[in-house]
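These are my notebook entries on one structure. I record what I looked up and what I found.

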There are 2 protein chains.
Amino acid sequence: MKLNENYRNLKQNYLFAETAHRTAAYIEAHPDQSVIRLGIGDVTLPLAQSVVRAMQEAAAEMGDAATFRGYGPEQGYGFLREAIRDYYATRGIRIDADEVFITDGAKSDTGNITDLFAKDNVILVPDPVYPVYVDTNTMDGRQIIYADASKENGFLPMPDPQVKADIIYICSPNNPTGAAYTKEQLEAWVAYARENHALLLFDAAYECFVEEGKAARSIFEVEGARECAIEFCSLSKTAGFTGTRCGYTIVPKELCFAGADGEMLSVRQMWLRRQTTKFNGVSYIIQRGAAAVFTEEGMAECRRNIEYYKENAKVIAGTFDRLGVSYFGGIHSPYIWFECPFGMESWEFFDYMLEKIQVVGTPGAGFGANGTHYFRLTSFGSRENTVAAMARFEKMMAEKR
Amino acid sequence: MKLNENYRNLKQNYLFAETAHRTAAYIEAHPDQSVIRLGIGDVTLPLAQSVVRAMQEAAAEMGDAATFRGYGPEQGYGFLREAIRDYYATRGIRIDADEVFITDGAKSDTGNITDLFAKDNVILVPDPVYPVYVDTNTMDGRQIIYADASKENGFLPMPDPQVKADIIYICSPNNPTGAAYTKEQLEAWVAYARENHALLLFDAAYECFVEEGKAARSIFEVEGARECAIEFCSLSKTAGFTGTRCGYTIVPKELCFAGADGEMLSVRQMWLRRQTTKFNGVSYIIQRGAAAVFTEEGMAECRRNIEYYKENAKVIAGTFDRLGVSYFGGIHSPYIWFECPFGMESWEFFDYMLEKIQVVGTPGAGFGANGTHYFRLTSFGSRENTVAAMARFEKMMAEKR
């Protein structure tokens, strides 16, 4: 038996393990200090009550012979696919319910979608980048090239006509930088993809943080995207589903590429075949909870949570504005990505901040070479902790001067 | 962009679509007839009340800031992995909790595990076979060879030393035939795998139907299996989770194969890397429900449901015994696999039974060439329907004589 040798080319992804390790070591040495964690991109507010109720009712249905449900459709129940179709329609985007695939999360789908691609495609990812895009393609042995994101381009790289890529990952609003493309900027990517017969994989996991009208929330706002793009989204951030697990992927019917013999092949048909073969659908109970998110009551509850996190982001951004720290994100995103002060590298700054003010963030180097001098904070903490962390940060900056 | 051309080699899997289509057409033409469905392998009894309660409580926890949980461990929560470890321990099988991986079902895992294997392995599957083993390897372009299951070997093919395979799928108790290997028979497969440096993929999804001590419930009953086998299991049949979705996969720490340079690589480490990269764990709510299955109360409730299905199987088997119809399964399995009467082929018999007695089953041809003259019935219907179907079957047989 021969194993997949490509796994040996994976880098050990030690980013969060290492930050956790250093934090634990500090706490053990300084048990009296109060450490504030603004590192991990995980939500902290509880689920909406309408979502909890819907799941409890669905669990009760499953315990009653008259309403019990066995195997559901692999693509997801119609009631949820239609709710997502309608969610897009409120933003003026037309998708069909049978273009929506319900899954256990955007991470699974951005990984599993690679099943559909030949091994000899060239993959273009931004640097810095969410590591899953790189790792999943490394597992398959594909060539990966990088689009530099930097202070100069606002961490929003634009297509380079000299670079030929077959599959392009775009995460907007971006993890880790918080930068968000406008519709006009995405038009350039769609034009590039169509000209080069390339595929855009658009990760919209943070769309709910976008300030209305000021950045794009979906690649399908762009004309022509239905011919060249797949969109991944998730309820993790929209509705605090990081531990509840539900996401969705939109594969338009127009999305086709030529096979080796020239026959046009439907990506949606291939994905449907993949999912019916390797997946058995998301739990009925969870799908009922997800559907409650898209009701008027559920949406209002989820909006309140998002506003809470956005207010935290403003606390951080406001502090940085006052201090003159250069940063990205914080507006359309729960992430604030800033240049490490004092010319420090990101791991050096991680240790410095932990030591001086007991605030934990995420070193930018963990997301790629272009993150070496950057640092990520998240707005998913409590208001109290966020305010306290920023007060400490101001003091730290004042003392260094 | 080049798509994965291997998808074009997939056969359209029209088995259940076709049986549904023929059934619907019959009902439309004969609206007055009562059709009994004993075709699909889906459970019908509701979830155990202790499982429902556990999920409702977990949903409430998720709605409370004090007990809310975000991202959980990708491998599954310790409370569930330990419950499964203990479930094996009651049968005298030692596994460690960190060898257990919680997933959304055995179908996902038997598919996703192929990520770990090089493309040039030779795959051995029985014929007839659960189609997922074939389709997932076809998607990757691997060579598939077949082990003939037949009346002569009791639909339990044994290893042939002349045949060299790298990866071997075994489903026992078997879907579709219901045949179950004894521990002694599995010892021969473990010996073959170890001699040939092959991997056994053991699908134990139906283990809960095994009559204690009369067939194997786990490959890990066999000494040496920890060096050559992965086991997949599911709560779909054990606890009626077909629509609730939870399964588990056991990858022993001893399971290693040599890489291209001779270095021994741990399959468990690779699977952990695969799951942490492409999966984000099963919903906390569902994991709490699954843990309730393994409590004393939950087990007692689930056992009652399994006994109900087993009693249905006895109704079918008893009828066939009386009629002298040759069959397999029905003892350690919810499936009864029988030779089509009157020398008919399986699709012909499907139509004949639908027309004469309005009973729907599954034609064996849908599972492989060796099923051409066989037919599958399931014991997942109600007692009333099962008894009625068998009365009609007896009458049909009597009339033909």
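I began with strand pairing: two strands pair if DSSP finds at least two bridges between them. Helices (H or I, at least four residues) and strands (E, at least two) are DSSP runs, numbered from the N terminus.

**Entry 1. Conventions.** I noted that this is a predicted model, in which local features need pLDDT of at least 70, side-chain atom pairs count only at pLDDT 80 or more, and totals for chains, interfaces and linings use all residues. Residues are numbered from 1 along each chain as its sequence is written, while chains are lettered from A and ligands numbered from 1 in the order in which they are written.

**Entry 2. Chain A as a whole.** I found twelve helices and 15 strands in chain A. Its C-alpha trace spans about 65 × 55 × 50 Å along the principal axes. I then looked up the radius of gyration, which is taken over C-alpha atoms; the globule rule is 2.2 Å times the number of residues to the power 0.38. For 401 residues a compact globule would have a value near 21 Å, and the 22 Å of chain A agrees with this.

I call a residue buried if 20 or more other C-beta atoms lie within 10 Å of its own, exposed if 12 or fewer, and partly exposed in between, with C-beta atoms placed from the backbone. By this rule, 55% of the 401 residues of chain A count as buried.

Two residues are in contact if their C-beta atoms, placed from the backbone, lie within 7 Å. Among the contacts in chain A with a separation of 6 or more, 71% come from residues 24 or more positions apart.

**Entry 3. Strand E6 of chain A.** I asked how many residues of strand E6 (residues 199-203) of chain A are buried. The count is five of its five residues. In a regular strand the side chains alternate between the two faces of the sheet. In E6(A), Leu199(A), Leu201(A) and Asp203(A) point one way, and Leu200(A) and Phe202(A) the other way.

Next I looked up the partners of E6(A). Strand E5 (residues 167-171) of chain A pairs with E6(A) in the parallel sense over five bridges, and Ile168(A) stands opposite Leu200(A). Strand E7 (residues 229-234) of chain A also runs parallel to E6(A), joined to it by four bridges; here Phe202(A) stands opposite Glu231(A).

E5(A), helix H6 (residues 183-195) of chain A and E6(A) form a right-handed β-α-β unit. A crossover is right-handed if, with the strands pointing away from the viewer, the path from the first strand over the helix to the second runs clockwise.

Entry 4. Most residues other than glycine have a negative phi, and most peptide bonds are trans.

- A cis peptide bond joins Ser172(A) and Pro173(A), with omega about -10°; Pro173(A) lies in the loop between E5 and H6 of chain A.
- The bond from Asp127(B) to Pro128(B) is cis as well, with omega near 5°.
- His197(A) is not a glycine, yet has a positive phi of about 50°. It lies in the loop between H6 and E6 of chain A and is exposed, with 12 other C-beta atoms within 10 Å.
- Arg245(A), also not a glycine, has a positive phi of about 70°. Arg245(A) is buried, with 30 other C-beta atoms within 10 Å.

**Entry 5. The two chains together.** I asked how chain B can be laid on chain A. A turn of 180° and a shift of 0.0 Å along the axis give an RMSD of 0.0 Å, the copies being superposed by least squares on the C-alpha atoms of residues with pLDDT of at least 70 in both. The two copies are therefore related as by a two-fold rotation axis. Of the residues of chain B, Gln56(B) comes closest to this axis, at 2.4 Å (C-alpha).

The contact takes 70 residues from chain B and 69 residues from chain A. On the side of chain B that touches chain A, H2(B) gives the largest share, seven residues. I divided that side into 33 nonpolar, 22 polar and 15 charged residues. Here Ala, Val, Leu, Ile, Met, Phe, Trp, Tyr, Cys and Pro count as nonpolar, Asp, Glu, Lys and Arg as charged, and the others, Gly among them, as polar.
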